[in-house]
Amino acid sequence: MHAGFWLTNVRLETEFRFSAGDVIGTKTGVFHLFIKDGEISKVLSADEMLTDDVPKKDGKGFLVLPSFIEKHCHLDKTLLGENWRPVIPTSSIFERFEIEKQVLPSLETSRQSRAEKLLETYMQSGVTHVRTHVDIYPEVGLKNLEAVQKALQAYEGKLSYELVAFPQHGLLRSEAKHLVREAVHKGATLIGGVDPATVDEDIETSLQEMVKIAAEENVGIDLHLHDPDHLGIFTMKRLAALTKEANLEGKVAISHAFGLGEIPTSQIEEMADLLADAGISIITSVPINRKFPPVQLLHEHGVKVAVGCDNIFDVWSPFGNGDILERASRLAEISKWVDERSLAQTLSFITGGVTPLNREGQQVWPKVGDEASLVLVDASCSAEAIARRAKRKATVFKGEFVSGSF
């Protein structure tokens, strides 16, 4: 049992303000939160005097939001901590594989130290949960997994995580099936795959093997799918069918899924219903150089959608800063979500669906019993935090300050 404390004078959203049926703003109030045993135990108006001798931390009027989830990253690939190096242009994904295999083992810094630098960056940006893919292939074995696990152990009690055993060079192409199984036995909680058509050159066998391993090992799936338009759509349809056959509904995700952004709206709606029926979620990194899945349409059809940063300064890209709030802001900007409600609801794609207000403007977070994982930001409301990429003041994970202070 952990001793409790009061997080005083923090701003919470209480309802939307409407005019002529439109949301024109957000009402907020100042409150005291009593946090104990990792949960929010009490929510009191700041008008109420606190007379007990429980420790108090002054939130100084900063807005409290649910902490963020980084749903797609590669802790083993980042070059954070290394000197600047540009990305070498290539003509194919296969050339990129070879460059990466040469570069990463040659670095002076360790995999673990680079992963820890990225984790620290995430916590400073408000993230308390990460899903990281870890490359698994014969030349490296499980070294990436072991290094990332050590980095995560160093941050035990500061964030939660999921580990994806990711056969970057193809489940079939690199003959990684046995290594993927071994990674699951060593702690990976999901298995991955990549472009069954382009990389493995055998959609059916690649998907069958991936689903078979997941079902037999009782883990989830997160498939990298970059293949375009109807090739990508065909792959998604097969994965949806196999997911249902294996009773893996709710345990499968498709990352990138660019094909969903490259087909007519009528076909997207059909695909959205199919994905929702199979319980398959979509994860997007909101690229600016390629069409990506229509997030709002998928969401309205019951498909769970999340945002992830993906590459953070690595052999694949010289860009990325690990700020998931900035990535959500990009989603809103590209999607032309400029009104108060749309901006506020954007938050749900980086919090696992949690927002302070529902679409009707009723407060749904925080409430007594909620996990005390939150971020304090310098903003008047969620909409402003998204639009202006508000400065993070502190991050709290299960009642513990893990970044920032007052």
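Guide: Helices (H or I, at least four residues) and strands (E, at least two residues) are DSSP runs, numbered from the N terminus. The model is predicted, so local features need pLDDT of at least 70 and side-chain atom pairs count only at pLDDT 80 or more, while totals for chains, interfaces and linings use all residues. Residues are numbered from 1 along each chain as its sequence is written, and side-chain values use heavy atoms, with hydrogens and water left out.

Visitor: In which helix is the place of Glu-116?
Guide: Glu-116 is partly exposed, with a relative accessibility of 22%, where buried means under 20% relative accessible area, exposed over 50% and partly exposed in between, for a 1.4 Å probe and protein chains only. Setting aside residues up to four places away in sequence, Glu-116 touches Lys-150, Ala-151, Ala-154 and Tyr-155, a contact being heavy atoms within 4.5 Å. The helix that holds Glu-116 spans residues 111-124 and is α2.

Visitor: How many helices and strands does the secondary structure of the chain come to, and what is the radius of gyration of the chain?
Guide: The secondary structure comes to 11 helices and 16 strands. The globule rule, 2.2 Å times the number of residues to the power 0.38, is set against a radius of gyration taken over C-alpha atoms. For 406 residues the rule gives 22 Å, and the chain is as compact as a globular protein of that length because its radius of gyration is close to that value, at 22 Å.

Visitor: How far apart are the end C-alpha atoms of helix α5?
Guide: The expected span of a helix is 1.5 Å times one less than its number of residues. For the 15 residues of α5 (residues 203-217) this gives 21 Å, and the model agrees, because the end C-alpha atoms are separated by 21 Å.

Visitor: Which elements are included in what covers the buried residues of α5?
Guide: The buried residues of α5 include Ile-203, Leu-207, Met-210, Val-211 and Ala-214. An α-helix has 3.6 residues a turn, so residues three or four places apart point the same way. The cover over the buried residues of α5 includes α4 (177-185), β9 (190-194), β10 (220-225) and α6 (229-245).

Visitor: How many disulfides does the count come to?
Guide: A disulfide is a pair of cysteine sulfur atoms within 2.5 Å. Cys-309 is buried, with a relative accessible area of 3%, and its sulfur is too far for a bond because the closest cysteine sulfur, in Cys-73, is 8.3 Å away. By this rule the number of disulfides is zero.

Visitor: Is Ser-403 buried or exposed?
Guide: Ser-403 lies in strand β16 (residues 400-404). Apart from residues up to four places away in sequence, Ser-403 touches Met-123, Gln-124, Lys-393, Ala-394 and Thr-395. With a relative accessible area of 13%, Ser-403 is buried.
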